[in-house]
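Open the model in your viewer and keep the selection tool ready. This tour goes from one pair of residues to the next.

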Amino acid sequence: MLSRIGVVPRYLIAAVFSITSCVLLFGTLAAAQVTIQPKDEIFGGYSWLGISGTADFNIKVQDIPVGFDASTTYYFPWAHNLGIIADGSGHFNTGRPGYTGVGFAMVGLQYKYHTNSFSPFFRFMVGAANLSPAYPPTPPGGNNEWQVALAAGGGFDYNVWRHLAIRVAQADYIYTNYNIYCSGVLNGACVPSSLNSQWNNVRLATGLIYNLGNYYVPAPAAACTAQPTEVTEGEPITVTATGSNFNPKHTVTYAWTTNGGKLDATDKQSARVDTTGVAAGSYTANATISDPKMKKGGSATCAATFTVKAKPMNPPQVSCSANPSTVQGGSTSTITTTATSPDNAQITNYAYSASAGTISGTGTTATLDTAGLPAGPVTVTVTATDSRNLTGTGTCTVGVEVPPPPPTCSKINSIQFPDVHRPWRVDNTAKAILDDVASRLKADPNAKIVIVGYADGEKAPMEGTGKKRHPMNLAAQRAVNAKAYLVQQQGIDPSRIGVATGTGQQKVADIVWVPQGADESKCADLQNTTPVNEEEVKPSKDAYPKPRPAAPAHHHKAGAKKAEPAGTPQQ
């Protein structure tokens, strides 16, 4: 069937006219600093089509969720944001109750505001629509029409890099008409219809864009450097101009000026500035790089700043060192001095002073005597004088040490043994004291302790069986049991715990602290004690209360006695 063009709505004509005016108005505007300005872009991606219109038998056409859209846009050289677009899309609904195929082929204008990240665009297009709705009972080989299509829409893209972008969103309104082929079926044949249905379509798309070429051309630029940037009056400076973005096939020219010093050349890439006679201050050398063959924008300027300082009058720089830097009180230390003039003046004299002690010397070395000084630092000050009578000072420190007294051991606590039935047993009160001792041992890993057990005047319990039954060494057993608790329950290294017996007390064991470096043989609290042979005296099985094992959970009847919590020590 030949197609007929439907009546185009007036509001669509007005919209197209408005968009055309905007495109022509803004088409020549481009962001000068944008580095992504493609000459051509190719888009391809997924498309969804929403249709508002009817087909044969006055059946509403369903939306088509399956489709593609592809386009190419060529941007004009004289308006990098304005281009001509060719667009084609296909949409296919093969589900029931019928088949619907819709395709568009259109051309038009697209305006895209190029940025280096998000780039919005809008466009209008005109072209053809191929419409193939087939809803039962359409006879086989039903209508397939070509109609005029008008479209207006836009969206925005995100640039991933110079050649690749993501079309985040694209939305187009597409207007077309459909000439209804059948209004009904009579005896298996289509009843022709002269009706026309207006289709208002919304096409959504997303996908990828590949950019071809780039209109962006960076403007010529120049960079100037001064080496060095700071000099003393009379010293030279080299200034250099470096151009970028110039045509490498063209020869560029240079022009130098400066407001400080004299240039040895004004038309070279590098020039030398003589600062003789220049007053102290900050100055600038300016360069212009030009391409004579470029009619417009063929030059760039730059500036290099440098500082001229007056010739100096610097005092000597002085430092000293002590060897040794730490001495015992009454010893001497040698002070060595280094003095230099930044202006190369001669050093003529050295003078020394000290915050304590006696110092003697007039050259680069002196001797500090610390006789009679208490512990603490001594500051030595040396003053150097140059031939211009300028002076500079330096200091160094000597540490004086007075040997501390040697460490000594001392009794830090005692534990009692009040149990008349088990007089060797470490009870919970004693455990608490031993816990404190264990904490102190852990805090000072270089210290140790000696546990001295006493049992004067006490009747020793019998131990063993048969012929081996003998009185217990109760004092030794008390010391060994206390050690067993510290080793087994607190994890203290057994080599850090000594055990001994003493006389003059009963039902007690003393704990003597032995710091690192202490001489046990001179410890007053360990005099007249006897070390325990731990090969003979072993820890008792009931040396101290053990934590109770966790009891299994039971359901108790009302009034039943509650179990003691796990970990409760035995008495």
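A disulfide here is a pair of cysteine sulfur atoms within 2.5 Å. The structure holds three disulfides. This is a predicted model: local features need pLDDT of at least 70, side-chain atom pairs count only at pLDDT 80 or more, and totals for chains, interfaces and linings use all residues. Residues are numbered from 1 along each chain as its sequence is written, and side-chain values use heavy atoms, with hydrogens and water left out.

**Stop one: C320 and C396**

Select C320 and C396. A disulfide joins them, S to S 2.4 Å. The angle about the S-S bond is -115°, and the link of C320 and C396 is left-handed. Now show the strands (DSSP runs of E, at least two residues, numbered from the N terminus; helices are runs of H or I, at least four). C320 sits in strand β19, residues 317–323. C396 sits in strand β26, residues 391–401. The pair links distant parts of the chain, 76 residues apart.

Are these cysteines buried or exposed? Buried means under 20% relative accessible area, exposed over 50%, and partly exposed in between, with a 1.4 Å probe and protein chains only. C320 counts as buried because its relative accessibility is 14%. C396 has a relative accessible area of 8%, so C396 is buried too.

**Stop two: C224 and C302**

Select C224 and C302 next. Their disulfide has an S to S distance of 1.9 Å. Strand β11 (residues 221–227) holds C224, and strand β18 (residues 299–309) holds C302. Those parts of the chain are distant, with the two cysteines 78 residues apart. Look along the S-S bond: at 55°, the link of C224 and C302 is right-handed. Both C224 and C302 are buried.

**Stop three: C409 and C523**

Move to C409 and C523. They form a disulfide, with sulfur atoms 1.8 Å apart. Where in the chain are these two cysteines? C409 is in the loop between β26 and β27 (410–416). C523 is in the loop between β32 (508–514) and β33 (530–531). The pair links distant parts of the chain, 114 residues apart. C409 is buried, because its relative accessible area is 10%. C523 has 2% relative accessibility, so C523 counts as buried.

**Last stop: N81**

Leave the cysteines and select N81. N81 lies in strand β3, residues 79–93. Its relative accessibility is 0%, so N81 counts as buried. Which contact does the side chain of N81 make with the side chain of Y111? The two side chains make a polar contact at 3.5 Å. A polar contact is a pair of N or O atoms within 3.5 Å; within protein, one must be able to donate a hydrogen and the other to accept it, and residues adjacent in sequence count only if both atoms are side-chain atoms.
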